[in-house]
Amino acid sequence: MMKSLSRKAAVVAATAFGIILVSGITGVSLFAQDAIPEGFKKGDLAPEPPAEMIEAGKRVYFTKCVWCHGVDGAGDGPGADRLWPRPRNFNQGTFKIRHTASGELPLFDAKKPIPGQNDLFETVTNGLPGSAMPSWEGILTEEQRLQVLSFVTTQLVKDRKFTDKQSESQTILQLADLKPKSATDESKKRGSELIVEKKCIECHGVEGRGDGNAFNLKDDWGFSIQPADWHKCWNFRGSRQDAYNVRNIFRTFSTGVNGTPMPSFADSTSVDERWDIANFVNSLCERDPEGNPLPIDPLTDKPKINFVVQSNPVEGEIPADMENEAWQKAPKRYVAMGGQITHKPRNFVNRIDDIWVRSLYNDKSVVYLLEWDDRTKSVAEGKLPWAPTQVNLDIKEQDPKTGEEGSIAANQNKYTVYNDAIAIETPVKWQELPAPIKPRYLFGTNDQFPVDIVKWEADGSIRAFKGTGWDKDFEERDSYEENLKVLKSEWKNGRWYVMIQRPLGNKKDQDYDEDTLFEMGKYIPTVFFAWDGHNGDAGRKMAVSAFFYTYLQPSIPREVYIYPFVIAGGIVVLEAWVITRRANKKKGKAL
């Protein structure tokens with residue numbers, strides 16, 4: 001792992017990628033002074049901010065930032081123990097997102113808030129997606145952001161000094177001057193070969209879902225971290241609220257991510273090769289069916305949500321092959337997931353932040369195809385110590401004690417492993433609910449407004465339950481057991497593919513007090529739940545969505561396709577008759 005440098009010790013480190021660092025002085029670049037890599041130039045250190053800016057920044061810091069980063073900037077504020085990844089410890093001067101060479105301090109000039117020339121200002125402005133660090137634009141003025149950074153860089157960074165010309169250097173990636181390489185098939189193919197050659201897949205996985213080395217990676221402070229999932233570019237820490245911008249990926253491969261095992265590739269690849277890698281990685285991020293980037297919601301920095309899960313009609317059996325044309329034509333919906341923190345046991349660290357849903361139906365059943373990224377396939381060893389119906393479980397909650405050793409970040413990958421699982425919840429009596437009223441999202445409201453829950457677990461089981469409230473155990477039932485099936489369940493390279501079939505329901509032959517009746521052309525409230533077994537998820541400790549709506553798209557009658565041809569044929573016959581009659585009249589007059 002590449003460690004950040006400190007004044008107390010020299011570092012001699014070599015990575016598997018041939019990057020060698022020999023330094024006994026803080027901040028000396030990864031590169032020899034006479035061997036600056038292609039695309040970089042030497043730069044000058046910025047002057048120290050004025051004293052009045054530092055003092056003003058102190059007031060901003062102790063109003064907005066201290067709660068996570070701590071009084072002394074050591075990343076140990078009151079909220080730190082509940083966050084994963086933990087807030088940045090400023091003391092060592094280790095910052096991830098930069099335009100500077102690996103091991104160097106980021107760019108910061110209190111007088112120049114210019115994109116590409118002020119790394120820390122951009123971080124505070126845009127936030128760090130995939131972490132608890134929010135965007136402060138619109139909350140703090142530009143002046144306040146520069147002020148608080150003036151305080152952080154001069155008072156809270158203690159092991160290094162941004163103005164120390166003897167110890168620090170600035171080797172700056174000239175990203176603005178480098179033209180991105182066209183993302184041709186050839187470029188992406190070369191990029192796919194380079195990530196194997198440079199051993200990127202050892203951490204990021206064969207398909208880039210971050211499952212290559214999911215358990216053993218740690219940051220410079222000894223906390224467990226995860227490799228990036230390349231299919232979720234909106235979660236890239238340095239995406240700068242511009243998720244599909246290939247420049248951000250190029251920058252990361254060029255500079256590395258200080259404080260983590262992610263190295264710089266600047267001295268082992270050319271600029272051209274890094275564009276190839278960036279083009280390939282960028283191509284993996286989820287896109288629409290036409291291959292266009294997904295629209296990003298500016299409020300969440302995540303893909304925009306369509307809350308209607310459209311289920312398309314199918315004649316005959318619903319195919320279990322997700323490559324079937326019917327599945328390929330079914331709209332794929334992004335479902336954002338959040339950790340359940342309303343009731344104990346709560347899920348403060350939610351490892352499943354989204355799922356993708358498609359649906360088909362026929363005259364008997366509706367089928368959901370659910371896909372989600374999970375770096376680990378989790379199946380409990382032995383029999384679980386509770387019944388499938390039990391929700392009120394006495395399991396260890398991610399509720400840290402005071403101090404870093406008891407924090408959530410320190411306890412990652414140490415939980416008892418349970419089954420990965422997913423569930424679909426629909427109200428039983430949704431027709432009787434006056435809009436916009438719905439049952440409580442968490443397992444229903446009461447006996448008057450129960451919910452229908454179908455749950456699949458990674459041990460291969462699938463069950464139907466009746467839910468009557470968050471604090472009540474489920475009631476297991478078998479009223480539609482024959483039509484409740486798992487058509488597909490597969491974990492492959494960091495992703496689950498699960499296809500669940502359940503009956504449409506019919507008031508004549510089912511117990512309407514238990515099962516949801518699906519009707520064509522109606523919007524049926526639907527909630528999704530997901531459990532990551534490796535995260536110790538079970539019972540109410542899980543990820544949960546907002547209310548979505550399942551909509552069974554009415555099938556188009558065959559007559560709709562036949563009538564146009566019949567009408568067209570009739571028009572042709574009529575026109576022929578009219579033309580013939582006129583011709584005959586002209587002949588008669590001529591005689």
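Me: Why is Asn-493 called partly exposed?
Reply: Its relative accessible area is 22%. Buried means under 20%, exposed over 50%, and partly exposed lies in between (1.4 Å probe, protein chains only), so Asn-493 counts as partly exposed. Asn-493 lies in the loop between β16 (485-492) and β17 (495-503), and has a positive phi of about 50 degrees although it is not a glycine. Before you go on, this is a predicted model, where local features need pLDDT of at least 70 and side-chain atom pairs count only at pLDDT 80 or more, while totals for chains, interfaces and linings use all residues. Residues are numbered from 1 along each chain as its sequence is written, and side-chain values use heavy atoms, with hydrogens and water left out.

Me: And what makes Arg-240 buried?
Reply: Arg-240 has a relative accessible area of 10%, so it falls on the buried side of the cut-off. Arg-240 also has a positive phi, about 55 degrees, without being a glycine. Look for Arg-240 in the loop between α5 (201-204) and α6.

Me: How do you know that Gly-93 is buried?
Reply: Gly-93 has 1% relative accessibility, and therefore counts as buried. Gly-93 is in the loop between α1 (51-69) and α2 (119-126). Leaving out residues up to four places away in sequence, Gly-93 touches Leu-105, Val-157 and Arg-160, where contact means heavy atoms within 4.5 Å. Gly-93 and Gly-259 are 166 residues apart in sequence, with their C-alpha atoms 9.7 Å apart.

Me: What makes β12 and β13 a pair?
Reply: Two strands pair if DSSP finds at least two bridges between them. Strand β12 (residues 421-427) and β13 have seven bridges, in the antiparallel sense, and Pro-427 has Val-451 as its bridge partner in β13. Strand β14 (residues 462-467) is joined to β13 by six bridges, again antiparallel, with Asp-452 opposite Lys-466. β13 and β14 form a hairpin with four residues between them, and Gly-460 in the turn has a positive phi of about 100 degrees.

Me: Why are α6 and α7 called oblique?
Reply: Helix α6 (residues 246-255) and helix α7 (residues 271-284) pack at about 125 degrees, axes 9 Å apart. Under 35 degrees is roughly parallel, over 145 roughly antiparallel, 65 to 115 roughly perpendicular, and the rest oblique, so α6 and α7 are oblique to each other. Residues in that contact include Phe-250 and Phe-253 from α6, and Trp-275 and Ile-277 from α7.

Me: What makes α2 oblique to α3?
Reply: The axes of α2 and helix α3 (residues 142-156) come within 10 Å and cross at roughly 125 degrees. That makes α2 oblique to α3. Leu-120, Phe-121, Val-124 and Thr-125 of α2 make the contact with Glu-142, Arg-145, Leu-146, Leu-149 and Thr-153 of α3.

Conventions. Helix = DSSP H or I, 4+ residues; strand = E, 2+ residues; numbered from the N terminus. Axes fitted to C-alpha atoms, helices over the stretch in contact; angles between N-to-C directions.
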